[in-house]
Amino acid sequence: MIIALGSDHAGLPLKRALLSALEAQGHAVLDAGTHDEASVDYPDFAHAVAAKVAAGEAEFGVLVCGSGIGMSIAANRHPAIRAVVLHNSTEARLTRAHNDANIACFGARTTGVEVALDALTTFLGTAFEGGRHERRIAKIETALT
């Protein structure tokens, strides 16, 4: 699977842990940065990852900032993107199964490494259920046009 990955300076340590885990699981990772601790603006990385997912260059995206919230807000400005902040594997499973979420966002200041790894594994391993949920996703996409 191809995963686009990005973080700001606050999310960099967690991003590095997620990157290592994704590569160990055999995924190809498109790392959009940041690559050092210098202060940066999170929307730059959210837009880069969202663009890759929306264009089909990556199947999923992963974004990390201090809370995950700013990244999800910025990423959700893109059509066809459904970015969610995850705090546990239950949220990961439900957002994939019911909402066809395609970008997982994590808060490095709010979620520990092990919890984030578990949620990400669940997120990537859960299929969209379709059915009644397809109608709801279509209504979300309609609102963006």
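These notebook entries record what I looked up in the structure.

**Ground rules.** I worked from a predicted model, in which local features need pLDDT of at least 70 and side-chain atom pairs count only at pLDDT 80 or more, while totals for chains, interfaces and linings use all residues. Residues are numbered from 1 along each chain as its sequence is written, and side-chain values use heavy atoms, with hydrogens and water left out.

**Entry 1: aromatic rings.** I searched for aromatic pairs, in which rings of Phe, Tyr and Trp (its six-membered ring) have centres within 6.5 Å; planes under 30 degrees apart count as stacked, over 60 as edge-to-face and the rest as tilted. The count is one aromatic pair. Phe60 and Phe123 form this edge-to-face pair, with 5.7 Å from centre to centre and 70 degrees between the planes. Phe60 belongs to strand 3 (residues 60-65) and Phe123 to helix 5 (residues 113-125), so the pair ties together parts that are 63 residues apart in sequence. I noted that helices (H or I, at least four residues) and strands (E, at least two) are DSSP runs, numbered from the N terminus.

Entry 2: Are Phe60 and Phe123 buried or exposed? Both Phe60 and Phe123 are buried; buried means under 20% relative accessible area, exposed over 50%, and partly exposed in between (1.4 Å probe, protein chains only). The charged end of Arg96 sits over the ring of Phe123, 5.9 Å from the ring centre. For this term, NZ of Lys or CZ of Arg must be within 6 Å of the ring centre and within 35 degrees of the ring normal.

**Entry 3: helix 4 against helix 5.** The axes of helix 4 (residues 89-99) and helix 5 come within 8 Å and cross at roughly 20 degrees. Helix 4 is therefore roughly parallel to helix 5. Axes are lines fitted to C-alpha atoms, for helices over the stretch in contact, and angles run from 0 to 180 degrees between N-to-C directions. Angles under 35 degrees count as roughly parallel, over 145 as roughly antiparallel, 65 to 115 as roughly perpendicular and the rest as oblique. I listed the residues in contact (heavy atoms within 4.5 Å): those of helix 4 include Arg93 and Arg96, and those of helix 5 include Asp118 and Phe123.

**Entry 4: helix 1 against helix 5.** Helix 1 (residues 12-24) packs against helix 5 at about 45 degrees, with the axes 10 Å apart. The two helices, helix 1 and helix 5, are therefore oblique to each other. Among the residues that meet are Leu14 and Ala17 in helix 1, and Val113 and Leu124 in helix 5.
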